[in-house]
Amino acid sequence: MIRERAYPVEPWHVREIRLDMDVLAQSESVFALSNGHVGLRGNLDEGEPHGLPGTYLNSFYELRPLPYAEAGFGFPESGQTIVNVTNGKLIRLLVDDEPLDVRYGELLSHERVLDMRAGTLHRELHWRSPAGREVKVRSTRLVSFTQRAAAAINYEVEAVDGPLRLIVQSELVANESLPAQSRDPRVAAVLESPLLAEEELTTDDGGLLIHRTKVSGLRVAAAMEHEVQGPEHATIESEGYEDWVRTTIGCVLKPGETLRVVKYLTYGWSSRRSLPALRDQVGAALAAARLDGWEGLCREQRAYLDEFWDAADVLVEGDPEVQQAVRFGLYHVLQAGARAERRPISAKGLTGPGYDGHAFWDTEMFVLPVLTYTQPNAVRDALHWRHATLEQARERARTLNLEAAAFPWRTIEGPESSGYWPAGTAAFHIAADIADALRRYVLVTGDTQLEREIGLELLVETARLWRSLGHHDRNGVFHIDGVTGPDEYTAVKNDNIYTNLMAQRNLLAAADAVNRYRDEALHLGVTDEEAASWRDAAADMHIPYDDDIGVHQQVEGFTRLQEWDFLHTPAEKYPLLLHYPYFDLYRKQVIKQADLVLAMHWRGDAFTPDEKTRNFLYYERRTVRDSSLSACTQAVLAAEVGHPELAHTYLREAALMDLHDLNENTRDGVHMASLAGAWIALVAGFGGLRDHDGTLSFSPRLSSRLSRLEFSLQWRGRRLRVDVRPHQTTYSLRHADPDDVVELRHHGEKIQVSRDQPVTVPVPPADPTGPMPEQPPGRSPLLRLPEAQS
Ligand code: BGC
């Protein structure tokens with residue numbers, strides 16, 4: 001864990017003021033740059049030392065066998081694993097006779113800054129070589145949001161004393177060796193030399209490498225070119241071999257003189273395109289990047305981000321750490337989704353190899369809700385990606401003897417890549433999560449074209465799955481048996497309440513969509529009887545409840561299971577999944593992550609306020625938060641049931657997950673769902689945003705430490721700004737016509753907002769709060785509240 005504050009609190013930057021080798025790998029994830037297509041971990045320019053070298057392309061994977069000690073019917077036989085592709089970040093420097101390496105000589109200063117408005121990672125260092133020669137290096141790196149194949153590095157070396165003989169070696173390297181991984185199931189499989197060389201080519205000022213994966217047969221091309229400025233007699237030449245290409249720049253610098261090298265780097269990959277086509281593609285991308293030049297790329301990057309922040313920024317007063325963290329979270333969410341373009345948004349984005357680069361339900365239930373309200377185009381693309389995987393989902397359903405489509409629990413390109421049934425395929429709720437993401441996107445954007453073209457089919461195929469997975473019992477009650485909900489410590493059980501409630505909404509949404517698009521529905525073979533059967537299943541859905549103690553059941557029978565012995569579970573035994581057999585976890589009342597509590601957020605319309613309060617108290621006592629997908633939801637519900645201070649501590653846990661490395665695994669990549677969760681905790685928690693019944697509603701109420709929360713939401717092409725203060729909230733509308741009116745609810749009251757008429761309304765006083773919810777011993781929120789402002 002990054003215990004002392006590694007990054008000073010600043011509103012728009014994440015700054016590391018000294019290089020700490022113990023947390024190098026974590027910082028590489030924090031400083032990873034990506035546009036959703038290309039991802040570069042924040043490795044040092046010179047490549048070494050490193051925690052984990054990493055360069056990723058969205059959906060560029062290798063297949064690896066999933067071996068089973070005891071095979072079972074329907075177990076996936078191979079899984080997809082993200083590949084560390086050709087590393088183009090490398091720039092090594094020889095200062096007189098010594099390679100610049102921060103482990104040797106004296107590092108007089110070293111600073112790295114992620115600038116979330118400029119979209120760059122800047123590094124400055126002052127180094128004295130073992131022989132006493134001094135240089136200052138400044139490098140700035142970007143992965144372009146506007147040119148999705150391109151990255152660039154502006155690398156400057158200044159001679160402090162001198163004259164100095166400098167050699168810069170800028171490289172492309174394939175098949176880097178990777179450090180051995182632990183046995184933690186959450187890290188990735190290591191693939192030894194996954195790339196086969198196909199072509200290398202050099203020119204004076206650059207070169208390219210083309211490789212292919214051995215089994216998945218994907219081809220990747222990486223190309224680089226350099227511009228050099230500095231002393232007159234600088235030399236430049238390039239050489240290439242199978243797995244590496246190197247451009248060498250040499251010069252002699254007088255004291256105070258600077259050598260500047262701009263490295264343009266482009267990537268392309270394909271499963272279909274020929275080698276010459278790929279070669280041309282990266283060449284063309286290089287030409288396009290050079291057309292703009294370094295300054296042009298930086299200008300475009302800033303303009304892109306100005307537009308993003310204008311639509312998406314969240315202002316937090318009273319907790320500067322959260323202010324920084326929510327921007328950091330939004331920045332990484334944007335990086336993961338901005339240019340993913342019909343490719344998945346995975347649990348780690350393109351920041352590390354954790355979870356093998358797979359996308360889970362994290363995408364639809366954590367990342368997409370945020371992007372829907374801030375960058376809806378990225379959501380449109382993500383839904384297209386899911387739709388493109390329908391054929392594989394249908395095949396999986398056939399294998400499982402189910403109808404329609406069974407979407408994979410984890411995947412890169414569509415096939416199920418989870419080899420573990422109870423916490424994998426049995427988590428069928430992914431179907432309803434996809435349907436809900438679609439519903440929300442259409443609601444917020446009004447994009448009925450997408451709904452007609454792909455939405456209807458997604459809704460129909462998921463509704464059919466529920467109909468074939470569930471059944472009406474002899475009393476007509478509809479059950480969905482033998483499934484796993486979000487809580488992975490409760491598996492293969494009957495009637496998971498989250499699954500049932502989300503499936504219910506899915507079934508109704510499908511039946512409604514069939515009414516709206518009758519011709520298209522006929523084309524999909526939907527009859528009136530079929531649509532009516534979806535409505536019946538929804539109406540008869542079983543919602544498990546324990547009458548004796550007056551709480552809902554997370555799954556049928558949950559509240560009568562044996563209690564987990566928290567008192568005799570020492571702190572070092574968490575996360576429990578690494579220390580106890582699943583057998584034991586499954587049969588007791590111990591909860592890894594919000595499940596019923598999550599249902600109370602996304603299906604809050606299905607619970608009364610009283611039920612929410614009682615349920616929250618009950619489940620809070622049994623939830624250990626061994627997953628980072630929990631704290632943000634607990635924040636939302638704690639705020640709703642009247643515990644704003646508890647909500648605030650959970651908000652901090654979600655938001656600071658990676659900046660503080662709270663789960664001690666940020667090295668494998670950032671926790672995208674938790675970072676998105678910071679926004680969710682603020683906007684749905686303290687802002688009280690809900691969109692259940694097709695209208696926007698808010699119930700804003702701040703914690704005592706916050707003096708202001710302001711956020712923007714995209715709503716049907718307009719921008720709604722919500723400015724929450726302790727006693728009042730102002731709603732205003734931008735990007736709207738003068739006669740546009742948006743109707744919304746504020747603490748249950750209908751109000752109308754138009755462009756020229758912001759509305760300020762009081763925040764009603766909070767109801768008296770009930771008993772303080774308690775966590776299992778030793779599992780209270782990881783971070784305390786900030787100091788109160790005087
Ligand atoms: C969580 C899942 C999540 C996965 C990837 C697991 O630990 O329990 O809900 O989808 O991590 O983030």
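Residues are numbered from 1 along each chain as its sequence is written, and side-chain values use heavy atoms, with hydrogens and water left out. Because the model is predicted, local features need pLDDT of at least 70 and side-chain atom pairs count only at pLDDT 80 or more, while totals for chains, interfaces and linings use all residues.

**Domains**

Select 32-273 as domain 1 and 340-624 as domain 2; these bounds come from an automatic or database domain assignment. The contact (heavy atoms within 4.5 Å) takes 35 residues from domain 1 and 27 residues from domain 2. The C-alpha centres of the two domains lie 39 Å apart. Between them about 2400 Å² is buried, 57% of it from carbon and sulfur atoms; this is the accessible area (1.4 Å probe) that two parts lose on being put together, summed over both.

Next, show Arg148 and Glu341, which form a salt bridge with the closest N and O atoms 3.3 Å apart. A salt bridge here is a side-chain nitrogen of Lys or Arg within 4 Å of a carboxyl oxygen of Asp or Glu. Across the interface of domain 1 and domain 2 the rule finds two salt bridges.

**Helix 5**

Go to residues 376-388, which make up helix 5. Helices (H or I, at least four residues) and strands (E, at least two) are DSSP runs, numbered from the N terminus. Buried means under 20% relative accessible area, exposed over 50%, and partly exposed in between (1.4 Å probe, protein chains only).

**Salt bridges**

Select Arg394 and Glu457, which meet in a salt bridge at 2.8 Å, N to O. Arg394 is in helix 6 and Glu457 in helix 8, 63 residues apart. Both are buried: Arg394 at 18% relative accessibility and Glu457 at 19%.

Finish at Arg103, partly exposed at 44%. Arg103 pairs with Asp101 at 2.9 Å and with Glu48 at 3.4 Å. Asp101 is buried at 10%, and Glu48 is partly exposed at 37%.

Key: The expected span of a helix is 1.5 Å times one less than its number of residues.
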